[in-house]
Amino acid sequence: MALFASSVLPLSLLKSNSDPYRLFSTKKGFNLGFQKLKTRRLHRTKVVVHFAMFSENLLIGDLIATALSGGIALSILRFWEETAKRGVFDQKTNRKLVHISIGLVFMLCWPMFSSGQQGAILAAFIPGLNIIKMFLLGLGIWKDDATVKSMSRFGDHRELLKGPLYYALSITCACAIYWRYSPISIGLICNLCAGDGIADIVGRRFGKQKLPYNKNKSFAGSIAMAAAGLLASIGFLHYFSLFGYIQVNSKTVLGFLFISLAAALVESHPLSSELDDNLTVPLTSVLVGSLVL
């Protein structure tokens, strides 16, 4: 199995005159190394793990990372398609498990890519392909009953032109525009995937007390959404901080709290159901995140 295909050194080091690959690479261009770095940005000693593959050709490394990430995403989709066909879960639960897992697992793969716009664009290529797939399936040009069943509420292929399409579009934009150095991308994907997905599962099971302004939503579901979105955001904040991409601080955590609360509030509004929460939750996350982060 190939190693992670990227340099995960802090951006400040990448911009310096020194060649980061000289610290780790061999003449064969393949290496796994460790280094302690003291960065002025973090004001503390940080252990940064450097994974390099084909270090003299970042494009090849990013293409390998794209293939690996795409393979992982496809494997997860196939797994949920099988559970849908076998009736392991009811259709709504299966759809939400797809909703929760795909975006979060994809974000776990981001350190495989190189720093800079090239890595971001090639990473965004993976959910970008899914946009095309949703169009083809939604328009009936491509027939795939297993995919339709795992991603739709009622088994109608036209449903893929709304929620699933907005979902893929949101993750693609978060990756290509904000990438792994911005907490906005973390807040957007975590509230879209973990928050919205958990809200539906918890709401259907424990949501007996409905919201006064929306009888289709419950207090339990909205609280679960805010909590899941916040916890997932904090978890990924720490995850990316291990690679030196982003700094953990109280301001960012507080910002995530505001994003999760706002996303849960918007998701619970009747207008969100009419427009589709896969559209309103990401837009809210970006808007609030731009103000507080």
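Start by selecting aspartate 276, which is buried, with a relative accessible area of 8% (buried means under 20%, exposed over 50%, partly exposed in between, using a 1.4 Å probe and protein chains only). Aspartate 276 sits in the loop between helix 10 (270–275) and helix 11 (277–292); helices here are DSSP runs of H or I, at least four residues, numbered from the N terminus. Its phi is near 110°, a positive value in a residue other than glycine. Most residues other than glycine have a negative phi.

A note before moving on: this is a predicted model, where local features need pLDDT of at least 70, side-chain atom pairs count only at pLDDT 80 or more, and totals for chains, interfaces and linings use all residues. Residues are numbered from 1 along each chain as its sequence is written, and side-chain values use heavy atoms, leaving out hydrogens and water.

Next, select tryptophan 179, in the loop between helix 6 and helix 7. Is this residue buried or exposed? Tryptophan 179 counts as buried, at 4% relative accessibility. Its phi is positive too, near 60°.

Now go to isoleucine 141, in the loop between helix 4 (117–138) and helix 5 (145–151). Isoleucine 141 is exposed, with a relative accessible area of 61%.

Finally, select Leu104, Met107, Trp110, Phe113, Ile189, Phe236 and Phe240, the residues with the most contacts inside the largest nonpolar core, which has 56 residues (a set of buried Ala, Val, Leu, Ile, Met, Phe, Trp, Tyr and Cys residues joined through side-chain atoms within 4.5 Å). Among the elements giving two or more residues to this core are helix 3 (91–108) and helix 8 (219–241).
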